[in-house]
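Please keep the viewer at hand and follow along, topic by topic.

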Amino acid sequence: MPDIQKNLHHIKQLIASYEQKYGRKAESVRLLVASKGRSVEEMKEVVRAGHTVFGENFVQDALTKMLSFPDDLAIEWHIIGHIQRNKTRKTAEHFDWVETIDHPVIAQRLNDQRPPHLSPLNICIEVNVSGEATKSGVLMEDALALAKYCARLPWLKLRGLMTVPAPNDDFQQQRRGFRTLYELFERFRSEGFEVDVLSMGMSNDFEAAIAEGATEVRIGSAIFDQ
Ligand SMILES: *Cc1c(COP(=O)(O)O)cnc(C)c1O
(Lines give C-alpha, C1' and ligand atoms only; values in the text may rest on other atoms or scores of the structure.)
Protein backbone atom coordinates (compact mmCIF):
# COMPACT_ATOMS: atom_id res chain seq x y z
CA MET A 1 0.00 0.00 0.00
CA PRO A 2 1.47 3.39 -0.95
CA ASP A 3 1.85 5.81 1.94
CA ILE A 4 -0.21 8.61 0.45
CA GLN A 5 0.34 11.09 3.25
CA LYS A 6 4.09 10.59 3.12
CA ASN A 7 4.14 10.94 -0.66
CA LEU A 8 2.09 14.11 -0.50
CA HIS A 9 4.45 15.58 2.06
CA HIS A 10 7.43 14.63 -0.09
CA ILE A 11 5.93 16.25 -3.20
CA LYS A 12 5.23 19.44 -1.26
CA GLN A 13 8.85 19.49 -0.12
CA LEU A 14 10.04 18.99 -3.69
CA ILE A 15 7.86 21.84 -4.90
CA ALA A 16 9.33 24.12 -2.23
CA SER A 17 12.86 23.06 -3.13
CA TYR A 18 12.27 23.70 -6.85
CA GLU A 19 10.84 27.12 -6.07
CA GLN A 20 14.10 27.93 -4.37
CA LYS A 21 16.30 26.27 -6.99
CA TYR A 22 14.75 28.23 -9.86
CA GLY A 23 14.43 31.59 -8.11
CA ARG A 24 10.68 31.40 -7.70
CA LYS A 25 8.92 33.03 -4.76
CA ALA A 26 8.16 30.75 -1.83
CA GLU A 27 4.65 29.30 -2.11
CA SER A 28 4.14 30.65 -5.61
CA VAL A 29 3.40 27.14 -6.91
CA ARG A 30 0.17 25.47 -5.87
CA LEU A 31 -0.40 21.75 -5.82
CA LEU A 32 -3.50 20.24 -7.37
CA VAL A 33 -3.92 16.55 -6.61
CA ALA A 34 -5.05 14.74 -9.78
CA SER A 35 -7.47 12.14 -8.46
CA LYS A 36 -8.97 10.54 -11.58
CA GLY A 37 -9.62 6.87 -11.02
CA ARG A 38 -8.70 7.10 -7.32
CA SER A 39 -11.09 5.96 -4.64
CA VAL A 40 -12.71 8.21 -2.07
CA GLU A 41 -10.63 6.40 0.56
CA GLU A 42 -7.41 7.34 -1.23
CA MET A 43 -8.59 10.93 -1.54
CA LYS A 44 -9.50 11.05 2.14
CA GLU A 45 -5.90 10.19 2.97
CA VAL A 46 -4.92 13.35 1.10
CA VAL A 47 -7.54 15.36 2.97
CA ARG A 48 -6.31 13.98 6.30
CA ALA A 49 -2.89 15.35 5.41
CA GLY A 50 -4.53 18.76 5.13
CA HIS A 51 -4.84 19.09 1.36
CA THR A 52 -8.17 19.90 -0.27
CA VAL A 53 -7.52 20.88 -3.91
CA PHE A 54 -8.43 18.13 -6.38
CA GLY A 55 -8.60 17.78 -10.14
CA GLU A 56 -10.91 15.28 -11.79
CA ASN A 57 -11.11 14.32 -15.46
CA PHE A 58 -14.63 12.93 -15.63
CA VAL A 59 -17.62 14.94 -14.44
CA GLN A 60 -19.81 12.00 -13.47
CA ASP A 61 -17.07 10.24 -11.45
CA ALA A 62 -16.38 13.46 -9.60
CA LEU A 63 -20.06 14.04 -8.78
CA THR A 64 -20.27 10.59 -7.25
CA LYS A 65 -17.18 11.26 -5.14
CA MET A 66 -18.47 14.67 -4.00
CA LEU A 67 -21.38 12.95 -2.28
CA SER A 68 -18.92 11.09 -0.05
CA PHE A 69 -17.36 14.20 1.43
CA PRO A 70 -19.13 16.20 4.13
CA ASP A 71 -20.68 19.46 2.92
CA ASP A 72 -18.74 21.58 5.39
CA LEU A 73 -15.40 20.35 4.09
CA ALA A 74 -14.28 23.07 1.70
CA ILE A 75 -12.85 21.02 -1.13
CA GLU A 76 -11.86 22.92 -4.25
CA TRP A 77 -12.89 20.87 -7.28
CA HIS A 78 -11.24 21.40 -10.66
CA ILE A 79 -12.08 19.78 -13.96
CA ILE A 80 -8.85 18.93 -15.78
CA GLY A 81 -10.24 16.61 -18.45
CA HIS A 82 -11.96 17.37 -21.72
CA ILE A 83 -15.57 18.49 -21.27
CA GLN A 84 -18.39 17.26 -23.45
CA ARG A 85 -21.29 19.52 -24.29
CA ASN A 86 -23.82 17.40 -22.46
CA LYS A 87 -21.79 17.71 -19.23
CA THR A 88 -21.59 21.50 -19.03
CA ARG A 89 -24.64 21.99 -16.78
CA LYS A 90 -23.45 19.62 -14.06
CA THR A 91 -19.99 21.12 -14.35
CA ALA A 92 -21.26 24.67 -13.98
CA GLU A 93 -23.34 23.64 -10.98
CA HIS A 94 -20.76 21.67 -9.02
CA PHE A 95 -17.20 22.74 -9.82
CA ASP A 96 -15.03 25.68 -8.81
CA TRP A 97 -12.67 25.55 -11.77
CA VAL A 98 -12.59 24.30 -15.35
CA GLU A 99 -9.02 24.21 -16.66
CA THR A 100 -9.77 22.80 -20.08
CA ILE A 101 -11.69 25.43 -22.03
CA ASP A 102 -10.89 24.88 -25.68
CA HIS A 103 -14.02 25.97 -27.54
CA PRO A 104 -16.32 29.02 -27.40
CA VAL A 105 -19.44 26.83 -27.30
CA ILE A 106 -18.29 25.13 -24.10
CA ALA A 107 -17.43 28.49 -22.54
CA GLN A 108 -20.80 29.96 -23.51
CA ARG A 109 -22.71 27.00 -22.10
CA LEU A 110 -20.80 27.05 -18.80
CA ASN A 111 -21.48 30.77 -18.52
CA ASP A 112 -25.19 30.40 -19.24
CA GLN A 113 -25.55 27.44 -16.89
CA ARG A 114 -23.58 28.78 -13.92
CA PRO A 115 -26.10 29.21 -11.09
CA PRO A 116 -26.31 32.93 -10.19
CA HIS A 117 -25.92 32.29 -6.45
CA LEU A 118 -22.40 30.93 -7.04
CA SER A 119 -19.34 33.02 -7.77
CA PRO A 120 -18.18 33.07 -11.39
CA LEU A 121 -16.58 29.83 -12.54
CA ASN A 122 -12.79 30.07 -12.67
CA ILE A 123 -11.47 28.96 -16.03
CA CYS A 124 -8.21 28.32 -17.81
CA ILE A 125 -7.77 27.98 -21.53
CA GLU A 126 -6.17 24.68 -22.45
CA VAL A 127 -3.44 25.13 -25.03
CA ASN A 128 -1.99 22.42 -27.21
CA VAL A 129 1.65 23.51 -27.12
CA SER A 130 3.01 20.56 -29.05
CA GLY A 131 0.52 20.95 -31.91
CA GLU A 132 -0.34 17.25 -32.13
CA ALA A 133 -3.52 16.69 -34.11
CA THR A 134 -5.02 14.21 -31.65
CA LYS A 135 -4.73 16.35 -28.54
CA SER A 136 -7.30 18.56 -26.94
CA GLY A 137 -6.65 22.23 -26.35
CA VAL A 138 -6.55 25.18 -28.72
CA LEU A 139 -3.56 25.87 -30.88
CA MET A 140 -1.25 28.64 -29.69
CA GLU A 141 -2.45 31.02 -32.40
CA ASP A 142 -6.12 30.58 -31.45
CA ALA A 143 -5.78 31.09 -27.69
CA LEU A 144 -6.03 34.86 -27.66
CA ALA A 145 -9.25 34.94 -29.68
CA LEU A 146 -10.82 32.40 -27.31
CA ALA A 147 -9.70 34.46 -24.31
CA LYS A 148 -11.34 37.54 -25.77
CA TYR A 149 -14.55 35.58 -26.23
CA CYS A 150 -14.44 34.32 -22.61
CA ALA A 151 -13.68 37.77 -21.23
CA ARG A 152 -17.15 38.93 -22.30
CA LEU A 153 -18.91 36.19 -20.33
CA PRO A 154 -19.82 37.50 -16.86
CA TRP A 155 -20.20 34.11 -15.13
CA LEU A 156 -16.73 32.99 -16.14
CA LYS A 157 -13.52 34.34 -14.69
CA LEU A 158 -10.52 33.80 -16.92
CA ARG A 159 -7.62 32.90 -14.62
CA GLY A 160 -4.97 31.63 -16.99
CA LEU A 161 -3.62 28.88 -19.18
CA MET A 162 -3.19 25.14 -18.87
CA THR A 163 -1.35 22.55 -20.93
CA VAL A 164 -0.56 18.84 -21.10
CA PRO A 165 2.48 18.61 -23.39
CA ALA A 166 3.42 15.45 -25.25
CA PRO A 167 5.32 13.19 -22.83
CA ASN A 168 9.06 13.66 -23.04
CA ASP A 169 11.83 12.29 -20.82
CA ASP A 170 14.37 14.94 -21.70
CA PHE A 171 14.45 17.74 -19.16
CA GLN A 172 15.51 20.44 -21.62
CA GLN A 173 12.79 19.42 -24.07
CA GLN A 174 10.24 19.51 -21.25
CA ARG A 175 11.36 23.00 -20.39
CA ARG A 176 11.02 24.13 -23.99
CA GLY A 177 7.35 23.13 -24.16
CA PHE A 178 6.56 24.87 -20.89
CA ARG A 179 8.47 27.97 -21.92
CA THR A 180 6.22 28.26 -24.96
CA LEU A 181 3.18 28.44 -22.70
CA TYR A 182 4.90 30.88 -20.35
CA GLU A 183 5.55 33.21 -23.27
CA LEU A 184 1.90 33.05 -24.27
CA PHE A 185 0.95 33.81 -20.65
CA GLU A 186 3.16 36.92 -20.75
CA ARG A 187 1.55 37.91 -24.03
CA PHE A 188 -1.89 37.63 -22.40
CA ARG A 189 -0.73 39.94 -19.66
CA SER A 190 0.65 42.48 -22.08
CA GLU A 191 -2.75 42.42 -23.83
CA GLY A 192 -4.36 43.41 -20.53
CA PHE A 193 -5.71 40.06 -19.31
CA GLU A 194 -5.33 39.80 -15.54
CA VAL A 195 -4.29 36.15 -15.61
CA ASP A 196 -2.57 34.67 -12.57
CA VAL A 197 -2.58 30.91 -13.16
CA LEU A 198 -0.23 28.88 -15.29
CA SER A 199 -1.26 25.25 -14.82
CA MET A 200 1.47 22.96 -16.12
CA GLY A 201 3.57 20.05 -14.88
CA MET A 202 2.62 16.51 -13.81
CA SER A 203 4.48 13.74 -11.92
CA ASN A 204 7.10 13.30 -14.63
CA ASP A 205 7.81 16.89 -15.54
CA PHE A 206 6.83 19.24 -12.74
CA GLU A 207 10.41 20.31 -12.03
CA ALA A 208 10.71 21.61 -15.60
CA ALA A 209 7.32 23.32 -15.29
CA ILE A 210 8.32 25.09 -12.08
CA ALA A 211 11.58 26.16 -13.69
CA GLU A 212 9.50 27.78 -16.45
CA GLY A 213 7.01 29.62 -14.29
CA ALA A 214 4.17 27.21 -13.43
CA THR A 215 1.91 28.51 -10.67
CA GLU A 216 0.04 25.22 -10.39
CA VAL A 217 1.24 21.64 -10.87
CA ARG A 218 -1.20 18.74 -11.22
CA ILE A 219 0.12 15.56 -9.66
CA GLY A 220 -1.43 12.11 -9.39
CA SER A 221 0.76 9.05 -9.73
CA ALA A 222 3.68 10.38 -7.65
CA ILE A 223 1.22 10.66 -4.75
CA PHE A 224 -1.00 7.60 -5.22
CA ASP A 225 1.24 5.00 -6.88
CA GLN A 226 4.71 5.23 -5.34
C1 LIG B 1 -3.83 12.49 -14.85
C2 LIG B 1 -3.54 13.90 -15.07
C3 LIG B 1 -2.56 14.57 -14.35
C4 LIG B 1 -1.66 13.89 -13.34
O5 LIG B 1 -0.76 13.05 -14.01
P6 LIG B 1 0.30 12.16 -13.19
O7 LIG B 1 1.27 11.75 -14.23
O8 LIG B 1 -0.48 11.04 -12.62
O9 LIG B 1 0.89 13.03 -12.15
C10 LIG B 1 -2.39 15.93 -14.58
N11 LIG B 1 -3.13 16.60 -15.49
C12 LIG B 1 -4.07 15.98 -16.22
C13 LIG B 1 -4.84 16.77 -17.21
C14 LIG B 1 -4.30 14.62 -16.05
O15 LIG B 1 -5.22 14.01 -16.80
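Predicted model: local features only at pLDDT ≥ 70, side-chain atom pairs only at ≥ 80, totals over all residues.

Residues are numbered from 1 along each chain as its sequence is written, and side-chain values use heavy atoms, with hydrogens and water left out.

**The ligand site**

- The residues around the ligand are Ala34, Lys36, Asn57, Ile80, Met162, Val164, Met202, Ser203, Arg218, Ile219, Gly220 and Ser221; a residue is listed if one of its heavy atoms lies within 4 Å of the ligand.
- In the side chain of Ser203, an N or O atom is 2.5 Å from an oxygen atom of the ligand.
- For the side chain of Lys36, the distance from an N or O atom to a ligand oxygen is 3.0 Å.
- Ser221 takes part through its backbone, with an N or O atom 2.8 Å from an oxygen atom of the ligand.
- The protein buries 85% of the 390 Å² that the ligand exposes when taken alone (accessible areas come from the Shrake-Rupley method with a 1.4 Å probe; for residues, only the protein chains shown count as cover).

**Salt bridges**

- The structure holds ten salt bridges, each being a side-chain nitrogen of Lys or Arg within 4 Å of a carboxyl oxygen of Asp or Glu.
- One of them joins Arg48 to Glu45, with their closest N and O atoms 2.5 Å apart.
- Both Arg48 and Glu45 sit in helix α2 (residues 40-48), three residues apart, about one turn of the helix; helices (H or I, at least four residues) and strands (E, at least two) are DSSP runs, numbered from the N terminus.
- A network of salt bridges links Glu41, Glu45 and Arg48.
- Another bridge pairs Arg159 with Asp196, their closest N and O atoms being 3.0 Å apart.
- Arg159 lies in strand β7 (residues 156-162) and Asp196 in the loop between α7 (171-190) and β8 (197-199), so this pair ties together parts that are 37 residues apart in sequence.
- Arg159 counts as buried at 18% relative accessibility, whereas Asp196 is partly exposed at 37% (buried means under 20% relative accessible area, exposed over 50%, partly exposed in between, with a 1.4 Å probe and protein chains only).
- Arg179 forms a salt bridge with Glu212, and the closest N and O atoms are 3.0 Å apart.
- That pair links distant parts of the chain, with Arg179 in helix α7 and Glu212 in the loop between α8 (206-211) and β9, 33 residues apart.
- Arg179 is partly exposed, with a relative accessible area of 31%, while Glu212 is buried at 9%.

**Two buried glutamates without a salt bridge**

- Glu216, in strand β9 (residues 216-219), is buried yet has no salt bridge, and the nearest side chain of opposite charge, Arg30, is 4.7 Å away (Lys and Arg count as positive and Asp and Glu as negative; His and the chain ends are not counted).
- The side chain of Glu216 does make a polar contact with the side chain of Ser199, at 3.2 Å; a polar contact is a pair of N or O atoms within 3.5 Å, and within protein one must be able to donate a hydrogen and the other to accept it, with residues adjacent in sequence counting only if both atoms are side-chain atoms.
- Leaving aside neighbours within four places in sequence, the contacts of Glu216 include Val29, Leu32, His78 and Glu99 (contact means heavy atoms within 4.5 Å).
- Glu19, in helix α1 (residues 4-21), is also buried without a salt bridge, its nearest side chain of opposite charge being Arg24, 6.6 Å away.
- Beyond its neighbours within four places in sequence, Glu19 is in contact with residues including Lys25, Glu27, Val29 and Ile210.

**Single residues to look up**

- Glu27 lies in the loop between α1 and β1 (30-34) and is exposed, at 76% relative accessibility.
- The phi of Glu27 is near 60°, a positive value in a residue other than glycine.
- Most residues other than glycine have a negative phi.
- Ile101, in strand β4 (residues 97-101), is buried at 0% relative accessibility.
- Glu141 is in helix α6 (residues 140-151) and counts as exposed at 63% relative accessibility.
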